[in-house]
Amino acid sequence: MSLSESLRSVTSGARSVSRLGEALGKQSRSVRWSFGAICILALYLLPWWPNVPVLGWIVETPGTSFPSVLTDQVVIFVLVALGLNVVVGLAGLLDLGYVGFYAVGAYTVAILSSQHANLPWLLCMPIAVLVSMLAGVILGTPTLRLRGDYLAIVTLGFGEIIRITANNMHWLGDSRGISKIATPPSIGPLKFTVLDAKPYFFLGLTTILIVIFLLRRLENSRVGRSWNAIREDEDAAELMGVDTFKFKLWAFAIGAAIGGLAGSLYAGKVQFINPSNFPLQLSILFLAAVVLGGAGNMWGAVVGGALVAWMPERFRGFADKRVFVFGVALVLVMVFRPQGLIPRKIRKERWLESWKPSTETALGHKE
Amino acid sequence: MRDWLIYRTFWDLTVTGVALGSIYALVALGYTLVYGVLRLINFAHSEIFMIGTFASLITATNVLGLPMLEAGQYPYRTGFQLVLILLACLLGSMVLSGAGAVALERAAYRPLRGSGDQFGAVVLAFVSAFVVGLIFFDTPKSNLIFGIIGTGPIAWMYLNIFRRGRQAPRLAFLISAIGASTAITEAVAIWGPRDREQYQTPRVLEKKTLFKLFGTDIRIDYVIVIIGALLMMTALLLFVNRTRLGRGVRAVAQDVETAKILGVNVDFVILITFLLGGVMAGGAAMMFTLVYDQSKFNIGFLLGVKSFTAAVLGGIGNLKGALLGGLVLGLSENYGSALFGGQWKDVIAFVLLLVVLMFRPTGLLGESLAKARV
């Protein structure tokens, strides 16, 4: 099977998923709820998937234990992609320094639970979310008045500043990093230890589900509609009375908070962080996850995050060539499916419009 | 005492800062040109620079046969021979970087604009076939053969998809650029003879002091870099401002639709823009190897980010802004690392950018490729 064929099968798979969604939408409420429940149950059983005959061969990650790939990579990437999707996909703000918020979250937990205090993880986590939210507001207030591409480079700079500061300040553990970070407290049979990654996965998955629920509520609210308006045309939104700056700042802060949440989960899992865990390239991978899945579509972000995290582990057989393959795959997906694997609904209509040869947007932008 | 350090070394820092700034400026021109015309952050431009440094290395060692060391000494050359070698290296990097930029445009960006052509289809098809080949074969040679065989049918299929002429959203371009950048870097890291190690380039120019200025040695390589960069930039400005094609570039930057109606071949103009950016990056790459005598697969990334910062600092889309931004960035980085310590160098660059953008939201000189003729 050639790569393009597999690409096509992936895209048709995405199409059939959306078709399935439409079919489900027509069913009665009880059918929909039970389908959802089965899906969620299947997700909670994810760590055992490699033991299922055919499915196992598809999802297995040779060379690394599957549950730890789930917790260290997939959960984090999905969460981060959800957060970045608010900023990039919903509000249309290009953020290339998202790793900065992720690092702020992780470092807050590390400082409060190991370096300078001995607070339990459960207390550190909300503080970390608040601190990264604050970081989002602090970064956003001066920069959100800038136009799109300037924002990209400024946020990129922010990500670097956070990393370099952590690298050079003794107070932040400099380049040696911070170890002995507190783990989440054990709940009944769920013991958060180094040996077993599954409890972390359950915790992460639950967090993701809660975040998805909250974001869905937000997306369909006045805030979500304002983001939509800002993304489509900022000037028009402003004219219609949308306080664009306020809502952009909200998007930034909420995105940052979710990034910080992911960071605190990560810190609680690995228990040791140092600045090299937060390179600039990670920001770019995060953005790739969002756009690969389909910017503006939450399910797209989930799929994109999971794919970007899982694919390099699945194809360990390629050994050192996997990053190269990943780069090529990014280009090919963008060339043949520029809206991402699961495009947003509204965009889909516009996309159909532009299917007929149009001269309107010859260069992919309109001034 | 760090404050004393900057007093004692002020002129030293100035000279190296200007030289470094010239290299930033040359690379920044590529970002600014493409941004001015396409409103696209050409993320893979840093890789074009990286290709340039390797082209310079290949020209020096493989084509001209220069050794790394000659009887324990650097292979210094003098006079006419030296000039010829340097020019050959410059030509090599410019050609390869320019070609790389053009290939990048046609394979990774043009299909997204909905006007993909045979060339892009063939490049993409070859890369796809090559990647598939990685599954079955382990030696680079058999991969290559498999890639070449697979190119034909896949290219035909891609071309059929291109005919639909779909227009992608802006973010897609950025991701495509990031993908291309990753693929190019990794390809060099995997299949280069020294993998991820650092490469040395033969040092043919003896770096002696030309003259003293304010008690500082002015080394010959810095002089070459500064003068070379100025010459290249002047040539670019003349091209954009005085030639017919340059007028086309400005027209497309100003208004694509009107330019198209007036008969400007937009795709060709974009190609020229990428070519110009690539050639400038190639020149910068050769000068970089001249000063630092080294290259590495990931050498482009940080330099690219800095150069893009320089372009934004000066006002993106503004050619003179790129020059100013490059110089300001190079100088402030040097002074800053003397003041606060070298580890804060990158922070200084970004804080400076933040401060400038807060007070001048479109950069120091404003954005105006369209109005480049002043």
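A cavity here is a set of grid points where a 1.4 Å probe fits but cannot get out. By that rule, this predicted model has six cavities of 30 Å³ or more.

**The largest cavity**

The largest cavity holds about 140 Å³, and 17 residues line it. Nearest its centre sit B:C89, B:P202, B:V204, B:T289 and B:L290. Which helices of chain B each supply at least two residues of the lining? They are α2 (45-63), α3 (79-113) and α10 (266-292). Sorted by class, the lining comes out as 11 nonpolar, three polar and three charged residues.

**A hairpin in chain B**

Staying with chain B, strands β2 (residues 209-213) and β3 (residues 216-219) are next. β2(B) pairs with β3(B) in the antiparallel sense, with four bridges, and B:T209 has B:R219 as its bridge partner. The two strands make a hairpin with two residues between them. In the turn, B:F214 has a positive phi of about 50°.

In a regular strand, side chains alternate between the two faces of the sheet.

**Chain A in numbers**

Now over to chain A, which has 15 helices and zero strands.

| Property of chain A | Value |
|---|---|
| Buried share of the 367 residues | 54% |
| Contacts with a separation of 6 or more that join residues 24 or more positions apart | 76% |
| Accessible surface | about 16,400 Å² |
| Share of that surface belonging to carbon and sulfur atoms | 65% |

**A closer look at A:L215**

One residue gives a local view of chain A. A:L215 is part of helix α8 (residues 198-219). Is A:L215 buried or exposed? A:L215 counts as buried because its relative accessibility is 8%, and the cut-off for buried is under 20%.

What does A:L215 touch, leaving aside its neighbours within four places in sequence? Its contacts are A:L82, A:V86, A:I254, A:I258 and A:M298. Take A:V86 from that list: A:V86 and A:L215 are 129 residues apart along the chain, yet their C-alpha atoms are separated by 8.4 Å.

Methods
Residues are numbered from 1 along each chain as its sequence is written. Chains are lettered from A and ligands numbered from 1 in the order in which they are written. This is a predicted model: local features need pLDDT of at least 70, side-chain atom pairs count only at pLDDT 80 or more; totals for chains, interfaces and linings use all residues. Side-chain values use heavy atoms; hydrogens and water are left out. Two strands pair if DSSP finds at least two bridges between them. Buried means under 20% relative accessible area, exposed over 50%, partly exposed in between (1.4 Å probe, protein chains only). Contact means heavy atoms within 4.5 Å. Accessible areas come from the Shrake-Rupley method with a 1.4 Å probe; for residues, only the protein chains shown count as cover. On a 1 Å grid over the protein atoms alone, a cavity is a set of points where a 1.4 Å probe fits but cannot get out, and a pocket is an open set with protein on both sides within 12 Å along at least five of seven lines; lining residues have an atom within 4 Å of a point. Grid points are joined across faces, edges and corners, and a volume is the space filled by probe spheres set on the points. Ala, Val, Leu, Ile, Met, Phe, Trp, Tyr, Cys and Pro count as nonpolar, Asp, Glu, Lys and Arg as charged, and the others, Gly among them, as polar.
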